[in-house]
Amino acid sequence: MSEAGTLYLIATPIGNLEDLTLRAGRILREVSVVACEDTRRTRGLLTHLNIQTPTLSLHEHNERARIPQILAMLREGRSVAVVTDAGTPAISDPGAALVTEVAREGFRIVPIPGASAVTAVVALADFPADRFAFVGFLPRRRSERKRMLHSLADLPMALVMFETPHRVREALADIEEVLGARRMLLARELTKVHEEVLRGTVADVRAAIGETLKGEVTLVVEGAPLPAFARGAAPRARTTEQIGTFENAGREAGRERPEEFVAALLAQGLSRRDAARALAVAYHLPSREAYRIATRGD
């Protein structure tokens, strides 16, 4: 029986073809087949590299149907590379369902990292973004989009989102309504000739967008202040800076149990509601659990 094949998840350039790694090029030559989101687009990349490896379509509409075929190839000892139109497979692109089934069958899966719109745009941020949450594409329906934004409003970390050119105006309007006047940046056509980065508040970026916006769009929005105040509501009685000071005081006092942390904040005049929010951030607790601890004894 032949040795099982390997599934390679290969990151392809997000624009500039020079961003394909040497390792990715070698693997694309060595595998038996390249499963790709768009065979015509991938064939253009392979032709540019003078690679003759056969291609197989693998997109959102046929991924489930392709899985048995790819599993059969791996059992036969044939290795398969998975690529999408740009970036890393299985991240806001096809491939996740395939990875799940291949892992379940016990085959080897190897990531080949490369260009990433997410890390590229985070590095451009002129506000704290060393911690960030990747949201992917926002929902198309406005009600669902606003519901998602509300669920993210309290996160004390930057938010990274993908959006299409024709929906970005509506998305920015909802971001401003739900998250408030936060700093952000919008990047489009990263690594390409017409690369553009817009910075400022959400309102500034909305105003700076021209009548026609083309190309892939990535957004980075500043996270909520620490601790977070839901839906942009102003803190009642304490400023964000004061609450941060209280949190640091609790840490410096050596209080390790959540209950003691809350007691330290309450002793310095913080409300139970604000103490619960600080607790959730400091101890990485769900909001409901932090509120339960903070209000215990009321």
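Trainee: At roughly what angle do the axes of helix H6 and helix H7 cross?
Mentor: In this predicted model, helix H6 covers residues 142–152 and helix H7 covers residues 168–179. Their axes come within 10 Å, and the crossing angle is roughly 40°.

Trainee: How many charged residues are in the contact of H6 with H7?
Mentor: From H6 come Arg142, Arg145, Lys146, Leu149 and His150, and they meet residues of H7 including Glu170, Asp174 and Glu177. By class, the contact has five nonpolar residues and one polar residue, and the charged residues number six.

Trainee: What kind of aromatic pair do Phe134 and Phe162 form?
Mentor: The count comes to two aromatic pairs. In the pair of Phe134 and Phe162, the centres are 5.1 Å apart and the angle between the planes is 70°. Planes over 60 degrees apart count as one class, so the pair of Phe134 and Phe162 is edge-to-face.

Trainee: Is Phe162 buried or exposed?
Mentor: Phe162 lies in strand E7, 28 residues from Phe134 in strand E6. Phe134 has a relative accessible area of 32% and is partly exposed. For Phe162 the relative accessible area is 14%, and buried means under 20%, so Phe162 is buried.

Note on methods
Residues are numbered from 1 along each chain as its sequence is written. This is a predicted model: local features need pLDDT of at least 70, side-chain atom pairs count only at pLDDT 80 or more; totals for chains, interfaces and linings use all residues. Side-chain values use heavy atoms; hydrogens and water are left out. Axes are lines fitted to C-alpha atoms, for helices over the stretch in contact, and angles run from 0 to 180 degrees between N-to-C directions. Helices (H or I, at least four residues) and strands (E, at least two) are DSSP runs, numbered from the N terminus. Contact means heavy atoms within 4.5 Å. Ala, Val, Leu, Ile, Met, Phe, Trp, Tyr, Cys and Pro count as nonpolar, Asp, Glu, Lys and Arg as charged, and the others, Gly among them, as polar. Rings of Phe, Tyr and Trp (its six-membered ring) pair if their centres lie within 6.5 Å; planes under 30 degrees apart count as stacked, over 60 as edge-to-face and the rest as tilted. Buried means under 20% relative accessible area, exposed over 50%, partly exposed in between (1.4 Å probe, protein chains only).
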